[in-house]
Structures are given as structure tokens and as C-alpha cells.
Amino acid sequence: MMSDNSILVESRKIYELEFVDDRKLDFPAIFGNSNPIHLEIGSGRGEFLIKIAKQNPQINFIGIDLKEKRFKTLLRKLFKEHLLNVRVAKIFLDENIIKFIDENSIETIYLQYPDPWPKKRHNRRRIIQDNFVSAMKNLLVPGGLVDIVTDHREYALWIVDHFRNREDFFALYEIGFKRVPDKNHIETYFEKLKREEGFEPYFMKFRSRL
Ligand SMILES: C[S@@+](CC[C@H](N)C(=O)[O-])C[C@H]1O[C@@H](n2cnc3c(N)ncnc32)[C@H](O)[C@@H]1O
């Protein structure tokens, strides 16, 4: 039986992306094909990433998380699953991501329960800021999608506000969010927990203009 350490070493060799200064990721070389690329920011332990990647083998998925412990759990799961359409990276993702990923190269960006930083003085730590929305626009193919879910009402309103007055995105839902999930929605453990606590999700989708 392989030791946990060997599993992590082997999994890193297969799945971990390296971000090297001033070098953009070469997706066709990484995945060995030119399938569309979807990016999940804040994958945590990878529950959503693994399910969606299994359901969509014709799409390549990149999962990012900054926390070492969660990232290791994700690496262990990937090693078991043999998901060749997934790659992951342990980085703090911010607007500088455009140094590492070609513009117009991502079809969909997912943010499942981004940290809400509810205290007013911490709001500036929220990942959704004007600069960051601009960076996402840069990464997305024309017509690409940003797909966000949060259980935090005030953060949902903040997110809708950050997309509302932009010319380069439009909201798919009339008031910016909806409360009923899509039929094929993937519910994570975190979402289930929040529902049980009485926090129903806000679903948001913003399409980048052509
Ligand atoms: C509330 S958890 C949600 C995890 C998962 N998406 C889910 O729905 O179960 C937020 C995750 O985003 C990660 N995260 C927050 N800000 C990040 C950033 N700037 N770059 C990468 N990961 C980030 C955290 O480490 C954490 O795992």
C-alpha cells in the first residue's frame, strides 16, 4: 500500500500546475487536447470540481485553492479518481492571474461560496472587486460565463453591484440573482450545511459581452 506521502508526491506530479513568472500556462500541452477550459476559484476539498469534471469529460477543469490542508485533500481525491481533465494549483488567486493565463482562454469561471468577509473593515478582502472583475473579463472568451453562488445576502448584493454598471458583462437573471438552483446544480457539503442553518443560496451568472 502506498504511504500518504507517496500518494501526495505522485498526485502532484500528475495534477499540480506550476505557475512560473512571466510564463503563461500552455493548456493544449498540459491537457494534450484543445478542449474548453473551466476555472474554479476556491475549490476547497474539491467536491464540486470532481463532480463537474466527471460529468463533463470533454471539458478541462482547473481548480485553485490557497489552503494547504484543503489542497492536500483535493490531491488525494484526484489520485483516487484518475481524472485526466483536471489540474489544480495552490495559490492565492487575485487579479495578477492574468500574468499566467492567456486572455480569451477560459470558457467559465466558478466561484462556489467565496469567503464573504462580512465585517465592514474586511470587505476589501473580498475577491469580487472592480479590478478582479476586469481580470475575469480578460481571461474569459467572448461570451464566457462567471458562475457564482453565495449564501450571504449582503455579499450577493455586493457582487450584483460590482457587475451591474459594467458594459463588459450582463447578468443572466433579472434582479442579478435567483434563489432556485438549476436542474443539474451540484450541491456541496458546504451548501447543504448552510441550508440546514437556514441560509438558502443566491445563484448568479454573468456573461461577458462579445
Ligand atoms: C467558503 S470555502 C468554499 C469551498 C468550496 N468552494 C465549497 O463550496 O465547498 C472558500 C474557499 O476558497 C478558498 N479561497 C478564498 N480566497 C481565495 C483566493 N483568493 N485564492 C484561492 N483560494 C481562495 C479558501 O481557501 C476556501 O477553501
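# Reading a predicted fold, feature by feature

Guide: Let us begin with the order of elements: along the sequence, the chain runs α-α-β-α-β-α-β-β-α-β-α-β-α-β. Helices (H or I, at least four residues) and strands (E, at least two) are DSSP runs, numbered from the N terminus. The model is a predicted one, where local features need pLDDT of at least 70 and side-chain atom pairs count only at pLDDT 80 or more, while totals for chains, interfaces and linings use all residues. Residue numbers start from 1 along each chain as its sequence is written.

Visitor: How many helices and strands does the chain have?

Guide: The chain has seven helices and seven strands. Its radius of gyration is 17 Å, close to the 17 Å from the globule rule for 210 residues, so the chain is as compact as a globular protein of that length. The radius is taken over C-alpha atoms, and the rule is 2.2 Å times the number of residues to the power 0.38. Along the principal axes, the C-alpha atoms fill a box of roughly 50 × 40 × 35 Å.

Visitor: What share of the contacts with a separation of 6 or more comes from residues 24 or more positions apart?

Guide: Two residues are in contact if their C-beta atoms, placed from the backbone, lie within 7 Å. In this chain, residues 24 or more positions apart account for 78% of the contacts with a separation of 6 or more.

Visitor: And what percentage of the residues in the chain is buried?

Guide: A residue is buried if 20 or more other C-beta atoms lie within 10 Å of its own, exposed if 12 or fewer, and partly exposed in between, with C-beta atoms placed from the backbone. Here, buried residues make up 27% of the 210.

Visitor: Which residues have the most contacts inside the largest nonpolar core?

Guide: A nonpolar core is a set of buried Ala, Val, Leu, Ile, Met, Phe, Trp, Tyr and Cys residues joined through C-beta atoms within 7 Å. The largest one has 39 residues, and L49, I109, M136 and M204 have the most contacts inside it. Helix α3 (residues 47–55) gives the most to this core, with five residues. As for M204, leaving aside neighbours within four places in sequence, its contacts are I148, A156, I159, V160, Y173, G176 and F177.

Visitor: M204 sits in a strand, I see. Which residues of β7 are on its covered face, and which on its uncovered one?

Guide: In a regular strand the side chains alternate between the two faces of the sheet. In β7 (residues 202–208), Y202, M204, F206 and S208 form the covered face, whereas F203, K205 and R207 form the uncovered one.

Visitor: Which strands pair with β7?

Guide: Strands pair if DSSP finds at least two bridges between them. Strand β5 (residues 140–150) pairs with β7 in the antiparallel sense over six bridges, with I148 opposite M204. Strand β6 (residues 169–171) is also antiparallel to β7, over three bridges, and F169 stands opposite S208.

Visitor: How does β2 read: enclosed or open to the outside?

Guide: Six of the six residues of β2 are buried, so this strand is largely enclosed by the rest of the structure. One side carries N60, I62 and I64, the other F61, G63 and D65. Strand β1 (residues 37–41) runs parallel to β2, joined by five bridges, and H38 stands opposite F61.

Visitor: Now a helix. Which residues of α5 are buried?

Guide: An α-helix has 3.6 residues a turn, so residues three or four places apart point the same way. In α5 (residues 130–139), the buried residues are V133, A135, M136, K137 and L139. They pack against β4 (106–112), β5, α6 (153–164), β6 and β7.

Visitor: What surrounds the ligand?

Guide: A residue is near a molecule if its C-beta atom, placed from the backbone, lies within 6 Å of it. The ligand is surrounded by 20 residues, the closest being G42, G44, L93, Q112 and F190. Ala, Val, Leu, Ile, Met, Phe, Trp, Tyr, Cys and Pro count as nonpolar, Asp, Glu, Lys and Arg as charged, and the others, Gly among them, as polar. On that basis, the shell divides into nine nonpolar, five polar and six charged residues. Both α3 and β2 (60–65) supply at least two residues each.

Visitor: Last one: which value does phi of H82 take?

Guide: Phi of H82 is near 55°, a positive value in a residue other than glycine. H82 lies in the loop between α4 and β3 (86–90), and counts as exposed with 8 C-beta neighbours inside 10 Å. Y113, in the loop between β4 and α5, also has a positive phi of about 55°, but with 19 C-beta neighbours inside 10 Å it counts as partly exposed.
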